[in-house]
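The points are arranged by region and by type of interaction.

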Amino acid sequence: MLEIERQLNAPNLQLAVQVDQPEQFKRFVLPRLRAFLEQNALLLVLDNLEHLLTEAGDWRDPLWGAVMATLLGHRGLSRTILTSRRLPAGLGQTCLCEPIHALSFAESVLLARELPPLRALLADPPGRALLTRTLRVIQGHPKLLELAAGLAGDRAALAAQVAATETADQGAPLDAFFAVTGPGSEQAREGESAAPEAVFVATLHRWTLGVSAGLDPVARLLLQCLCRVEPEDRTLDVIDSNWESLLQRLGDQDPAAAAALARPGLGLTEGLADLGRVGLVDIERPVPGQSVAAGGRSDAVGAAPGRDASEAETGRINDRNPRPAALDPAETGQTRYRIHPGVAEAVLGQTRPEVLAAADWELGDYHLARSRHGLKTETEGGGGLVVDAGRRGAPYLVRSGRWWEASNLLEHMTLRDKSPETLAFAIPLLRRIGEATAGGEDGLVAADVLANTLWLAGRPAEAEAEQRRIIAGAVAAGQFRFASFAAGDLLNLLRAGGRLPEALALAGEMAGYSRAAGLGPWSQLLDEVRRLQVLAAIGQYEEVLREVASLRLRMGALPGEGGADGATNPWNVRETLLDTGLGAALNTGRLEEALDLNAEVMKWRAERGAGDLELARTRFNGYAPLLRLGRADDCRGLLQGCRAVFEREHSVEELGAVYSALASLNDQTGDRAAAIGFEQAALRFRYQAGAPEGCAVSHHNLSNSLEGQGADPAQVLAHRLAAAALRIQMGSGQLPGTIRTLANLDPPAHPPPFAAIADQAEQVPGVRLRARFAALPPTYPDPDAALAAVWALVHQERERRAAS
């Protein structure tokens with residue numbers, strides 16, 4: 001789904017957000033996709049769909065059927081091209097199906113002449129006869145031609161494979177490949193295969209199994225392991241790092257493994273050469289001097305520290321044979337191995353379960369070791385390694401039933417990479433882990449990681465329900481450590497949702513859980529930092545700044561990374577504390593202090609290897625002090641750089657913030673028309689993200705720009721009251737500023753009804769003020785009661801001014 005979204009260049013479709021909830025996906029996401037396809041003229045290409053299909057052509061996940069119905073059943077000008085080795089069932093009459101799996105006879109001959117081993121068969125009559133039989137069996141399949149070339153150096157072996165592949169009842173369809181309509185016919189044409197799709201698949205399977213059966217046992221075992229390994233891990237570095245430990249896991253009970261252990265170099269070099277020679281594996285070696293971008297993705301984040309057999313169980317670092325966390329492909333000569341999907345399918349179908357399990361276990365250990373090495377070296381740039389290890393390692397751990405380790409790997413990944421692609425990858429795996437571990441201690445951990453990931457993905461209601469269930473279960477079981485973790489995540493959710501009194505009360509409960517669990521000083525410090533975040537949201541900035549200064553001194557006396565208590569990351573505590581102080585400094589006018597704090601956060605995050613999105617978020621926090629210090633050019637350059645990253649990463653909440661910031665910049669430099677356009681765009685993203693304080697900020701700023709341009713006073717008042725209604729209902733610390741600007745308007749005795757305000761505000765595309773207000777805690781029983789309270793505060797402010 002993410003690939004479809006990328007091809008359409010439409011991140012706002014959010015196609016991967018609810019893919020794990022089929023009914024919600026069908027109800028909300030697919031109608032958006034249908035409308036988008038009908039409103040635009042687009043060409044969408046989905047390649048290699050066979051891995052999504054069963055042998056019968058049905059979708060492995062029925063949701064794909066609904067997606068295809070949408071892609072093929074709309075009434076617009078958009079079109080979709082699908083490719084698959086297997087024909088999907090139920091495509092309907094709106095899809096034209098064309099067999100393009102085979103070359104024509106003439107094209108097959110041309111390709112054979114380009115492959116030196118097959119071209120050599122043309123040198124003599126017996127060779128030409130063998131080539132003719134080969135072409136008849138292959139029927140124009142390009143991969144089969146490559147496999148035939150791999151055997152052609154041994155004519156007897158090729159003849160035996162051809163004979164084994166031929167079947168008596170294929171005569172007529174196979175012979176049709178050589179039929180060429182003569183010049184006297186209505187249309188001269190080259191011979192084309194009459195074999196149906198199933199014949200090509202079966203022939204490829206038979207040929208693959210025949211060739212693999214003729215391999216040396218060590219090479220055949222290596223092929224099976226390569227087929228089991230995920231495509232991204234089919235590299236020389238990864239195979240070399242895991243081959244010995246995999247053989248040791250299989251042990252003497254596997255004759256091929258025992259033979260490999262007895263050979264020089266474990267038979268790896270010779271085995272890889274054999275697989276390339278017979279055409280089962282395509283070997284791609286780097287071109288000398290070629291850049292990573294040109295030569296394909298290197299394993300710059302793919303190297304792992306070396307490990308011996310004893311460390312395979314724990315993933316510890318082997319200091320006797322360390323490998324760097326980032327490898328230069330020019331030095332390592334990164335070599336990749338490509339395997340045709342049909343070849344891999346045939347091989348895996350004949351591989352013993354013990355071999356599959358060993359490959360999964362060893363590759364899981366390998367990526368666990370990479371993740372741990374990245375965590376150990378995070379302040380030196382290891383963060384990218386942690387993310388990459390999570391994405392590549394989780395499938396192996398899930399297949400091995402190593403639920404806790406898989407959950408832990410995914411948690412580290414999503415903590416460092418919150419992009420929609422990463423979250424969409426993690427959620428289905430976390431749901432599977434949760435289902436497998438429900439009722440146990442690992443189930444609490446998995447549920448907590450899932451809840452946090454749901455929140456990051458913009459699904460707060462589901463996340464809150466998960467967190468409350470976890471807290472109740474953990475407290476009942478005396479698992480206060482889990483209760484503390486879940487309470488911290490729930491606190492963040494409540495704070496982001498504007499439910500500040502609930503969040504402040506929960507902060508006290510969370511600290512109690514941490515003490516009951518015996519958590520260490522870093523965890524208890526994080527509890528205090530989270531309480532300060534809530535106080536800052538309420539508006540108690542001076543108190544926050546005093547406590548930030550005190551906690552920074554206390555933090556300096558705590559043990560560093562190596563002395564962390566294991567329940568939290570010291571860098572996370574440090575950066576969260578500095579971020580909290582930055583916001584308080586900004587809101588009290590300490591602009592230079594805010595810039596200094598942000599520079600310090602940026603330094604720490606860059607040193608630990610934070611990703612582009614996280615660094616852009618941090619850099620963005622410097623725009624407000626720059627703007628208020630009058631450094632407009634610096635501010636514009638900063639915002640344009642951040643905007644490019646946010647757009648590339650499809651980061652909706654941050655796009656709302658950056659468009660609002662651009663509006664403020666243009667407003668300050670006198671271009672109010674541009675400011676209004678930017679703020680209206682910001683509101684669309686703000687409502688899509690769902691954070692009420694962000695919505696209030698943009699309503700407030702838009703009202704200021706409209707007022708400066710001399711817009712309709714009713715429109716100005718509507719957006720200012722929209723901000724006030726949201727802020728008073730959630731108890732925001734920004735409410736006093738909104739009250740002061742409302743008092744400048746010389747308001748009437750009574751506020752307009754909320755319905756009229758909502759009608760005005762919702763003229764901006766994407767604004768859903770009624771729904772956003774209804775989702776807030778019921779501080780006031782209804783929106784008109786909230787507006788009445790706002791109005792009372794406005795009149796109090798005007799009376800105060802009159803008296804002073």
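**Note on the predicted model**

1. Thr 80 is buried, at a relative accessible area of 19%; here buried denotes under 20% relative accessible area, exposed over 50%, and partly exposed the range in between, with a 1.4 Å probe and protein chains only. The residue belongs to strand 2 (residues 79–82). Helices (H or I, at least four residues) and strands (E, at least two) are DSSP runs, numbered from the N terminus. Apart from neighbours within four places in sequence, Thr 80 is in contact (heavy atoms within 4.5 Å) with Leu 44, Leu 71 and Leu 72.

2. On provenance, the model is predicted: local features need pLDDT of at least 70, side-chain atom pairs count only at pLDDT 80 or more, and totals for chains, interfaces and linings use all residues. Residues are numbered from 1 along each chain as its sequence is written, and side-chain values use heavy atoms, with hydrogens and water left out.

3. The largest nonpolar core comprises 58 residues, and those with the most contacts inside it are Leu 118, Leu 158, Trp 207, Leu 221 and Trp 243. Helix 11 (residues 217–228) gives the most to this core, namely eight residues. A nonpolar core is a set of buried Ala, Val, Leu, Ile, Met, Phe, Trp, Tyr and Cys residues joined through side-chain atoms within 4.5 Å. A second, separate core of 51 residues includes Val 544, Val 573, Ala 585 and Val 652. In soluble globular proteins, nonpolar side chains tend to be buried together.

4. Trp 243 touches Val 218, Leu 221, Leu 222, Cys 225, Ala 260, Leu 266 and Leu 268, when residues up to four places away in sequence are not counted. One of these, Leu 266, lies in the loop between helix 13 (255–261) and helix 14 (268–277). The phi of Leu 266 is near 60 degrees, a positive value in a residue other than glycine. Leu 266 is buried, with a relative accessible area of 18%.

5. His 650 counts as buried because its relative accessibility is 12%.

6. Arg 392, in helix 19 (residues 383–399), is buried at a relative accessible area of 3%. Its side chain makes a polar contact of 2.4 Å with the side chain of Asp 233. Another polar contact, of 2.9 Å, joins the side chains of Arg 392 and Asp 388. A polar contact is a pair of N or O atoms within 3.5 Å; within protein, one must be able to donate a hydrogen and the other to accept it, and residues adjacent in sequence count only if both atoms are side-chain atoms.

7. A search of the whole structure finds six aromatic pairs. The rings of Phe 620 and Tyr 623 have centres 5.1 Å apart and planes at 35 degrees, so this pair is tilted. Rings of Phe, Tyr and Trp (its six-membered ring) pair if their centres lie within 6.5 Å; planes under 30 degrees apart count as stacked, over 60 as edge-to-face and the rest as tilted. Phe 620 is buried at 11% relative accessibility, and Tyr 623 is buried at 16%. Phe 620, Tyr 623 and Phe 646 form one aromatic cluster.

8. Two arginines are placed over aromatic rings. The charged end of Arg 391 sits over the ring of Phe 425, 5.0 Å from its centre. Arg 574 lies over the face of Trp 604, at 3.9 Å from the ring centre. The criterion is that NZ of Lys or CZ of Arg is within 6 Å of the ring centre and within 35 degrees of the ring normal.

9. Helix 35 (residues 692–708) has 17 residues and should span 24 Å at 1.5 Å a residue; the end C-alpha atoms are 25 Å apart, which agrees. The expected span is 1.5 Å times one less than the number of residues. Helix 35 is mostly covered, with 12 of its 17 residues buried; among them are Cys 695, His 699, His 700 and Leu 706. Just after helix 35, Gly 710 takes a positive phi of about 75 degrees.

10. Leu 742, in helix 37 (residues 735–743), is buried, with a relative accessible area of 1%. Leaving aside neighbours within four places in sequence, its contacts include Leu 717, Leu 721, Val 790 and Val 794.
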